[in-house]
Amino acid sequence: MAVSAPSSQPKPLELVCPAGNLPSLKTAVDHGADSVYIGFRDDTNARHFPGLNFDAKTAAQGVQYAHAKGRRVFVALNTFPQPSGWERWQRAVDQAAELGVDAIIAADISVLEYACSQHPNLPLHLSVQGSATNYEAIRFYHEHFGIRRVVLPRVLSLPQVKHVLENSPVDIEVFGFGGLCIMVEGRCLLSSYITGESPNMCGVCSPAKAVRWEETPRGLESRLSGLLIDRYAPGEPAGYPTLCKGRFEVADQTYYAIEEPTSLNTLELLPELQEMGIAAIKIEGRQRSPAYVTQVTKVWRAAIDACRRNPAAYVPKAEWQRELGKVSEGHQTTLGAYHRTWQ
Amino acid sequence: MTEHQPKLALGPVLYYWPQEKLLDFYERMSAAPVDIVYLGETVCSKRHAMNTADWLALAGRMSAAGKEVILSTMALLEAESELKTLRRLCENGRFTVEANDMGAVRLLAEKGVAFVLGTGINVYSGRTLRFLAGLGAKRWVMPVELSRTTLAAIQVERPDKVETEVFVYGRLPLAYSARCFTARHHDLPKDDCQYRCLDYPEGLTLSTREGQAFLAINGIQTQSAQTCNLLPELAELRELKVDVLRISPQTEGTETVIEAFTACVRGKRNPLEAARALSAKLPYGACDGYWRGEPGLRQVA
């Protein structure tokens with residue numbers, strides 16, 4: 001079960017890019033992703049959206065394409081199976097192993113246990129959905145399932161990330177860019193409270209089928225299962241009604257009470273992340289288009305390479321930030337929890 | 001054969017109450033007909049009205065009053081200081097601990113002591129429950145978003161001697177964040193929050209712009225505005241062999257809730273009628289949707 005601890009010499013930062021379909025996977029590989037993560041076409045992964053993801057054939061093509069170019073493919077099986085659906089998760093683990101993928105990204109104990117016992121040579125990463133925010137939790141998953149890597153929830157400040165890393169028996173992957181979950185992933189039930197479907201149970205958050213847009217005399221309104229999430233003045237840009245990013249009333253104030261519609265962007269933190277020995281940077285967005293994947297992969301490849309060549313002189317180029325801004329939610333970005341003042 | 005009799009538990013206080021108010025509350029609870037009392041701060045480590053020694057002293061008093069005492073631990077562990085407190089609780093040597101993070105599970109399993117799996121641990125199947133029972137879990141609290149159908153399936157797979165607890169009454173804990181929403185509401189940084197959650201003994205209600213209340217802000221925790229009330233489902237809870245019913249403390253009326261559940265469990269009151277009397281007093285109504293496999297905020301019964 002023991003996996004050797006990461007060496008003290010920082011490895012080059014691995015760029016992990018999202019792919020919701022084969023064109024996205026190919027463009028990620030073509031534009032410099034070191035690894036691409038995908039999901040199957042069902043509720044075994046946390047981006048269970050209509051028309052998205054891979055079947056057996058496209059997954060096999062994707063793995064072949066990536067491996068031919070020396071890149072890796074991870075499969076996210078990061079939801080929590082209930083007794084009635086167990087066979088789907090079991091099949092998905094077996095299928096990932098048969099495909100020869102480079103790792104499974106899982107969160108649930110039963111999935112990790114099954115993968116670890118049935119496919120001992122298949123590397124396991126603990127998904128962000130596993131809610132491991134401290135090194136004791138990471139050690140738990142390492143000791144029992146031999147995980148090789150953990151993806152940290154987007155709730156830690158930079159010094160906290162460093163402290164976890166220094167005490168972690170496995171490699172650390174952090175989110176670098178994309179849609180920002182501000183709740184601890186794996187522990188947020190807001191979506192099921194309103195719509196009946198959550199990331200943990202169904203692999204969705206604020207699902208599209210629950211969304212309604214209405215033009216009213218008061219303005220454009222977005223609703224989730226009938227609940228008013230936001231209302232836009234004429235000309236005001238409207239965003240997807242993710243539950244935690246609406247404007248609500250608290251004690252007579254109307255504001256983004258939980259979070260603004262914004263994306264995480266840590267381009268400026270790259271030297272620090274590299275210095276502390278982070279193994280991989282994850283880009284969010286399997287639900288986004290191949291154009292998004294192309295754009296974001298290009299920028300991050302260039303940034304990681306520039307930072308590696310000369311960290312002391314590294315400054316994010318204005319042009320990179322512009323390109324990332326264009327594909328960001330609400331066209332704005334934040335350092336999120338990495339920056340203490342955000343909290 | 002006698003009817004299956006579930007025990008009553010009082011969950012940890014999820015809000016930040018001043019020490020005097022908290023101690024007064026537990027003084028009253030020591031005389032209330034609850035079998036199990038969960039004690040401790042589970043939401044925010046900055047809440048310092050009670051330190052670990054204070055909690056342990058209170059645990060001793062509640063135990064002397066005849067209660068089964070469980071020490072609850074934090075759901076979101078980030079700082080080393082929080083892990084230190086966790087270790088102290090796990091090593092207390094006297095009281096059982098409720099783990100709300102896998103870090104706590106690791107420490108308790110390492111010590112070889114039996115523990116409780118709180119709502120913060122994702123047990124969505126009998127397989128996961130069996131694994132954790134093998135490490136020492138003696139009771140699990142069902143994640144609040146699971147339905148009676150899923151519970152029924154898990155109960156079939158449940159290992160012997162593992163007790164099942166269901167959150168039956170109170171505002172549902174729905175999410176945890178690094179961000180403090182109470183401090184944000186007051187435009188204060190989290191590091192200088194001025195303990196504003198002391199001003200909201202039941203959290204701060206969040207509504208849509210149409211005035212529909214649906215969430216409550218409690219520091220870094222987000223709760224339901226509606227109060228989960230599964231008292232009308234008592235017959236089903238019994239049928240499913242649920243061992244423990246958890247009531248989550250509120251600032252007002254917790255005794256009335258405990259009395260209603262006690263009377264119904266003992267067959268002295270009609271659960272539907274008692275539930276309606278409780279629900280009538282709720283500012284934003286009751287909900288039972290999760291239990292029925294529907295959106296959590298719905299009220300079906």
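Which residue of chain B forms a salt bridge with A:Arg340? In this predicted model, the partner of A:Arg340 is B:Asp191, and the closest N and O atoms of the two residues are 2.7 Å apart. Between chain B and chain A the count is 9 salt bridges, while the count of residue pairs in polar contact between these chains, with both residues at pLDDT 80 or more, is 42.

The contact between the chains draws on 64 residues from chain A and 68 residues from chain B. About 5,700 Å² is buried between chain B and chain A, and 56% of this area lies on carbon and sulfur atoms. On the side of chain B, three arginines, B:Arg106, B:Arg179 and B:Arg209, supply 14% of the area that the chain buries against chain A, which is more than any other three residues supply.

Over all chains, the count of salt bridges comes to 46. One of them joins the side chains of A:Glu14 and A:Arg72, with an N to O distance of 3.0 Å.

In chain B, a salt bridge is formed between the side chains of B:Arg292 and B:Glu233, at 2.9 Å from N to O. B:Arg292 is found in the segment after strand E12 (286–287) of chain B, and B:Glu233 in the loop between strand E10 (221–229) and helix H8 (234–239) of chain B, so the pair ties together parts that are 59 residues apart in sequence. B:Arg292 counts as partly exposed, at 24% relative accessibility, and B:Glu233 counts as buried, at 3%. Elsewhere, salt bridges that share partners join residues of chains A and B into one network, which consists of A:Glu136, A:Arg139, A:Glu143, B:Glu80, B:Arg87, B:Arg106 and B:Glu110. B:Arg106 of this network is also one of the three arginines noted above for the area that chain B buries against chain A.

Chain A also contains an open sheet of 3 strands, which are arranged in the order E8-E9-E10 with antiparallel pairing. Strand E8 (211–216) and strand E10 of chain A are the edge strands, each of them pairing on one side only. Neighbouring strands of the sheet are turned against each other by 25 degrees on average, direction ignored. Strands E8 and E9 of chain A run antiparallel and are joined by 6 bridges, and A:Trp213 stands opposite A:Ser222 in E9 of chain A.

A:Glu221 lies in strand E9 (residues 219–224) and A:Arg231 in strand E10 (residues 227–232) of chain A, and the two residues are 10 residues apart. Both A:Glu221 and A:Arg231 are buried.

Key: Residues are numbered from 1 along each chain as its sequence is written. Chains are lettered from A and ligands numbered from 1 in the order in which they are written. This is a predicted model: local features need pLDDT of at least 70, side-chain atom pairs count only at pLDDT 80 or more; totals for chains, interfaces and linings use all residues. Side-chain values use heavy atoms; hydrogens and water are left out. A salt bridge is a side-chain nitrogen of Lys or Arg within 4 Å of a carboxyl oxygen of Asp or Glu. Helices (H or I, at least four residues) and strands (E, at least two) are DSSP runs, numbered from the N terminus. Buried means under 20% relative accessible area, exposed over 50%, partly exposed in between (1.4 Å probe, protein chains only). Two strands pair if DSSP finds at least two bridges between them. Axes are lines fitted to C-alpha atoms, for helices over the stretch in contact, and angles run from 0 to 180 degrees between N-to-C directions. Contact means heavy atoms within 4.5 Å. Buried area is the accessible area (1.4 Å probe) that two parts lose on being put together, summed over both. A polar contact is a pair of N or O atoms within 3.5 Å; within protein, one must be able to donate a hydrogen and the other to accept it, and residues adjacent in sequence count only if both atoms are side-chain atoms.
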